[in-house]
Structures are given as C-alpha cells and as structure tokens.
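Work through each one with the model open beside you.

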Amino acid sequence: MIVTRTWLNNFIDLRGISDKRLYETFNNIGLEVDRFKKYEIPDGVVVGEVISCRKHPNADKLNLCEVNVGEEILQIVCGASNVVDAKYVAVAKVGAKLDDNFEIKPVKLRGVDSFGMICSSTELGLPKINDGIMILDDSIGRLIIGKELNSYPKIADTIFELELTANRGDCLSIYGVARDLSAALDIPLNNLDYEGSDKLKIGLARIAELKSIGNIEASLRYTLVELEDVYTSLIISLRLGFIGERLESNLSNLINYTIHTVGVIIRAYDVTDIKITDENKLSIVAHTEDGITRVEVNGREFSIVGVSQSGETRVNNLSKKVLLEASYINPDILVDAVAKQNLETDELYYKTSRGSEPNFLLGIKYITYLLEEYNNCNFFDGYLSIDDESEPKIITINDNEISQIIGKRIEKSRILAILTALGFRVHSSADDAFGVTVPNFRHDIENIYDVTEEILRVIGINNIESIPLKFVESSRFNTITDRFFVKRELKQRAIGASFFETVSYAFCDKKLLQKYGFKSVKDELDIINPITEDLNTLRTTLLINLLSAVRRNINYSKKSIALFEIGTVFNENREEKELFSLVFSGQREKESVINSGKPDSIDFRTFVETLSSIIGNFELRVSHQKNRLIHPYQSADIIQNGDICGYISKLHPKAREDFELPETFIAELEFDKLMPKHIKAKKISKFQGVYKDISLVVDKNLPYNQIATLIESLKIPILKRYYPIDVYEDDSLEGKKSLTIRLFLQSMDGTLGDRDIDETIKLIIDKLKEQYGASLR
C-alpha cells in the first residue's frame, strides 16, 4: 500500500509531524514501512508560462517556444508534441542540475539557440504520467510564474510504501491509513464536506429503478452522470503514477484515484447506448445465489459484485452516460463463494476479498466532487440503494480484562477514545463491561483479544513496561475432561497388561451383526452410501471388528493376541454410546524357558484376573446377555457398584470356528458405567480386626451371589468384608457342595471380644440356614 504525505493531508492535518515521526508511527501501529522516499525537485526548475509556440524552422518534430519564467522570457526548443497544448510548464533554467551528470546549458539545436529545457515528469525524477512534457495546473497549488517547483509540497512529496498483513484490508486506502494515524497521533480526522453542485438536476428515480430478488448479501448504491469532457489533473496523474495505476481512460483514472483515496469499491458502467426515458427506465436488478451477487441492467449481466465486470460495460473516453456503483460485500462470504465456484476475478477483487470501505456516502461524494469541480458533467439527483441487513458484530469487553491482557493498567476513557477513533461504536455503560459494535471494514475482529490488539498497537508496544508473566488459568475440568482422564487411565492399564490398542471404523458388516445376534440400525436411519461393501452399516458392537483384527494377526503367525478398543457404537435408533471391549486369543504368555516353550492357552481365570487389573474389582454373576459370541457355560455378567456394566465370556465354539481362532476370550463393557463415582471418605478403625472362615454345605446349584446378597442385607456394622475362598464337591455331599467364606470383622469402638464374634457368625449361619437350608460342614 502506497501513501504520500500530502495525500494523507486530505483527511488528517500532518503539519508539525515530521517524516521521521510518521515513519516511526507507521511501524508502531503495525503498518510496517517497507520503504519511503522524499521526492526533491532540483533547484532552478521553475513554473513557466508558454507565451508562444511555433514550428522549428529547420525541424518538423521540434517546436520553438517562448516561455515566461518571471524575470525573463526564454527561447526554448522543445521536442514534445503536447507542448502545443500547454500553458504552464516546468522549466529547468540554465545552470539547473537535473542529476550529477546533467546540467542545463545554453545550446543550439538545428541552428536555433535554446536557453533551458521544458521538462517531463521523469526528467524531474517523478513517475511517468504521459509521453510528453509535464503540464502544470492549479491542482498542485496556485501557480506563480518563476516560482521554484520544489516549493510545491504536492510535487516535492514523501511517499511511504506500507507492508500490510492479509487482515488489514481497511488500510488499502488513504482514508483507512489516515484513520489509524488519527487514533495514534490523537489528531482529528477530517470529513469530506461536499454538498454537490447547485445545478438543477433531474431526479434519478424518474428514469431508473433498482430491484432485488430474494435476500441480497451485499450493499449497493447507484447514481447516474452525464459527461461532456473528463480531465485528469496533474496531482491525480502524479499520485496514480506513484501507485502504478494510471490508465488510458480519464474517467477510469478518476475511479481508481477515488478507490485508492477512500477505499470504497466503485465501478463505472457505460450506459451511453441505452435509451433512457421516463417510460423506458434503466432497470437494475440484483440477486444473490450461493454467496454471489449478480447485477443485471435491462436484462444484461453487468457485473458480479466484488468479483468482476462485463468487458463491454467498461467506460472509455467516449463514454457520455455512466452508471456509478458503490458496493460492499463481506469478504468472508465472498472469498469462500468465489473459490467454491472457481470464478474469474478482475483487478478490484484483491481489495474486495480483503475488506473494502463500506461508507458508500464517502465514496459517492468523493467521485462526485472530482467530476463536478474539475469537469463538465451533470449528475442526476438522488441515489438508488440496497443495504445488507446482516446483524452487526457486537463484542462485550471489560477494561480490567484488557489491562490484564496488555499487562498495564489502561484507563477506560483511553480505551473508549481509541476504539472510537478506530471506527468502533461504543455502547456506554457504567460498569467495567461494555459492548462495542465492530465496523464492517474490520471483519477480522472476532473477540476481546482482537480488540485488545487494536488498543495495544495504538498505545505502542514500546510504551508497555515489561513485567513478569502472571498466568491465571480458570478451571476447565468438566464431564469431557473427566471422560478423557478415565479413558487415558484405562488405556494405560490395558497397555500395562500387555494389550494393544486398536482403532477401527465406526462401520461394520451388517450380515455379521445379524449372524451373531446383534441388533443393527434401522434401515431408514442407516448410512446411505457405505464406503465399502463389508462396512455397510453403523456398528452396534466393537467385538466383530476386534475379532476380525485378531484373525488378521493370527494369519501373520502371531500366537498370542490381546487387543482392546474404546469406541462409539449405535443402537437400532442410531443413538450413540461408548463401549470398552477386549479380546485375548491364543497363548496366555510368551514362550520362554520357564514354560519350556509351550505356554498354556488363555483361560477364564487368567482373563478375569487380567481384566480386574484394568478396571478394578468386580463381581461375576450369571450372564443375561444374548448374542452368539457368548459361550453357553463360560460366561458371566460383570458387576461393579451393584450395576451390570458388561459381560465376559469365552468365545462360542461356532464363532471361534468361523473366525478360525485358537482359545479366545472376550469382554465388552459400557464406558459410562466405568466412570468412577464420587466416594465419600469413611472413618478407619484403629482397632485390630479378626478374620474368620465358615464352611457351609449348600445346594450345588446355589450361586454365590445369592448368598452374598443375603449377607449384605443383614447390614452387620462390624462385618467389613467377606469373600469366597474355597468350593469343594464330592459324592459324600450327595448333590451338595462345600463353600468356605472368609469374614473380616472389625469394630470402630474397641477390640472385638469372642462373644461379639460368635454372635455375628451365628447370625449369618442362622439366616443362611433359614433361607437356603445351609449347614456347617
């Protein structure tokens, strides 16, 4: 982005601000200066008035001019063809040094004396603005014959080339840069107070209409102008030369100059050939589809807002009737839509895609000012407009929090002043917290940290005293983090027990689910386009995929495979839950000298103990699960905290045969039921406890969990723990079995006496005898 000092002066008074301070301020506020240059016109170059111009008597391509330079009239031979149109020119008098090797001296050209040189812009070190000499006009200031040209600040200007980050589209204009300087230097921003010509004008609404179809995701404003002659002044030509955007058409030059000056995107459409009357109105129609807004005029597409313009609608020096359009569209919407539809873009897309100035009135006023003040034209009265009704972005901020982020106390009044100067609208509040409406030209501002960055760059990072970092982290623990930590703990324990984690797709083969008795997702809720034929439904168990993984490893000659997975499954209504599933297949340990290279296969007891080392203590009860992976005799429900949380089983022989596996055991648990519950601390007795064993003869078909449930229901205070330690059966017991239970007794009040112990044991035996016919062995 290129700006000049005098160009900035259109909007901010920089008198008293040196070039050095400007350079430092730009860098401090994040507008890094890539280079800056002070243009200096050599001494001896003055304003001259061409009094006469005639052909050189001895050369067709040379002209003999008489030029008034104030103190004298000089005869100068000039070869530029446009000198015949010139009144005021830049004259290098004899003795002027245009560079170290070029000093102006009296010369004789084709036999005629010449005392000086009429200069082009490039000969004075300025950008090229035409193919001839530089013709002066009062756009650079009041022209005084004989006055040194280097005393005109608009020519002897300083340019700054700024490197902008991608999010700073608001500074792709002189006005945008001036706005930032206004905040940083605390100098008021000047407004453009132009009310337009007082000529009698025809109302625009009489001969033109603007219609919108559906919701328009853009803002548009139109005006119409009839042109006679369009002139590009010297200062505009020079400044366009500085930024490298001078074009052939004078009107195009004025449009580009306006865009670079105020940042409003303006397009000019040539409607000279369209017959416009009160009956035959100029019909402008805008409609948006998939983020792209198209504009049609009298049924022809003229442009895609912010993207491109139809070639035949572009203006040239012959254009006499021009439709001017000022537009704004949110770059976030525009960029995504252009990329998605792969649209061709023109030179203005660079600005619209980064964020342009949405202040239409400023843009329309400025181009009106340039055309009416310096050219012969007639504007129609009024505008036609469409406004995007999107809700503005409002951010709630707190001055204390901003100060904490910056690391220095910033007064609320200072914060409000900076934000107001930068174009934010502040909602007043007596509290520390207040709201700010983010201006449309800062679409990149999303949160309090972005707002703080704006405040910080205006204050200046160098003005913030370095202090030690103080970081206060708020508690971020919640149900999600709780689940994460439990999963991590389970995974670590499983890996410690020699299991390997596997991750499979959330899909499965529907035929396999049905074959092994698992429900599948209802057809109307199932996936429509499966990724493969054998992954054609959402999984309702993890075990099918785990067993398939085991089979692949067995095929790779693995002799012992232990896998686990924590993953999501779905029920028939496509409702989700997480399961923790494990499979252990083959040898229960590695081959070694200890087992003579012939380790035993995994068995039920080993698998149960391994699972217990992962999920903690649990009980086993008769299984109530119904699927065809479960063994009819070696299976059980897993009980933790009184709830069934899953099941454990040897793999059914038929399923084992189908998958071609050795001895295999499986377990599948609901992850939610493995989540640890909040446990209240209990007092611990300081008195010695006593272990007592009781051996009972009970019916051989009586499961232990029924005995345990009965003992638990007695709620004996001194009975702390109990568990089976031996089961014995032989013919002498006549259809019964001997069950030995170990009791741990302990009192909170004192050491237990024999009487307390005997009474407790008697109570347990009596209740078991009464309920299940148990007797002491």
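Two strands count as paired if DSSP finds at least two bridges between them. The model discussed here is predicted.

Q: Which residue in S29 is the bridge partner of Glu501?
A: S26 and strand S29 (residues 560–570) pair in the parallel sense over two bridges. Glu501 has its bridge partner in S29. That partner is Phe564.

Q: Which kind of aromatic pair do Phe499 and Phe584 form?
A: A search of the whole structure finds 19 aromatic pairs. One of them joins Phe499 and Phe584, at 5.7 Å centre to centre with 85° between the planes. Planes over 60 degrees apart count as edge-to-face. The pair is therefore edge-to-face.

Q: How many residues apart are Phe499 and Phe584?
A: Phe499 is in the loop between helix H13 (479–496) and strand S26 (500–501). Phe584 is in strand S30 (residues 576–586). The pair links distant parts of the chain, 85 residues apart.

Q: Is Phe499 buried or exposed?
A: Buried means under 20% relative accessible area. Phe499 has 3% relative accessibility.

Q: Is Ser498 buried or exposed?
A: Ser498 lies in the loop between H13 and S26. Its phi is positive, about 75°, although it is not a glycine. The relative accessible area of Ser498 is 52%, so it is exposed.

Q: What is the relative accessible area of Asn342?
A: Asn342 sits in the loop between helix H7 (331–341) and helix H8 (349–354). Its phi is near 55°, a positive value in a residue other than glycine. Asn342 is exposed, with a relative accessible area of 67%.

Q: How far apart in space are Leu542 and Thr568, C-alpha to C-alpha?
A: Leu542 is in the loop between strand S28 (537–538) and helix H15 (543–555). It counts as buried, at 0% relative accessibility. Beyond four places away in sequence, it touches several residues, including Ile566, Thr568, Leu579 and Glu668. Leu542 and Thr568 are 26 residues apart in sequence, and in space they are 8.3 Å apart.

Q: Are H11 and H12 roughly parallel or roughly perpendicular to each other?
A: The axes of helix H11 (residues 412–421) and helix H12 (residues 448–459) come within 10 Å and cross at roughly 95°. Arg414, Ile415, Ile418 and Leu419 in H11 meet residues in H12, among them Val451 and Ile455. Angles of 65 to 115 degrees count as roughly perpendicular. H11 and H12 are therefore roughly perpendicular.

Q: Which residue in S38 is the bridge partner of Val697?
A: Four strands form an open antiparallel sheet in the order S36-S37-S35-S38. Strand S36 (719–728) and strand S38 (775–776) stand at its edges, each with a single partner strand. Two bridges join strand S35 (residues 690–699) to S38. In S38, the partner of Val697 is Ser775.

Q: Which strands does helix H19 touch?
A: Helix H18 (residues 704–713) lies across S35, S36 and strand S37 (736–745), running at about 155° to S36. Helix H19 (residues 754–772) packs on the sheet, and its direction makes about 15° with that of S35. The strands touched by H19 are S35, S36, S37 and S38.

Q: Over the ring of which residue does the charged end of Arg221 sit?
A: The charged end of Lys147 sits over the ring of Tyr152, 4.5 Å from its centre. For Arg221, the distance from the ring centre is 5.2 Å. That ring belongs to Tyr383.

Conventions. Residues numbered from 1 in each chain as written. Predicted model: local features only at pLDDT ≥ 70, side-chain atom pairs only at ≥ 80, totals over all residues. Heavy atoms only, no water. Phe/Tyr/Trp six-rings, centres within 6.5 Å; stacked < 30°, edge-to-face > 60°. Buried < 20%, exposed > 50% of the residue type's maximum accessible area, 1.4 Å probe, protein only. Lys NZ or Arg CZ within 6 Å of the ring centre and 35° of its normal. Axes fitted to C-alpha atoms, helices over the stretch in contact; angles between N-to-C directions. Parallel < 35°, antiparallel > 145°, perpendicular 65-115°, else oblique. Contact = heavy atoms within 4.5 Å.
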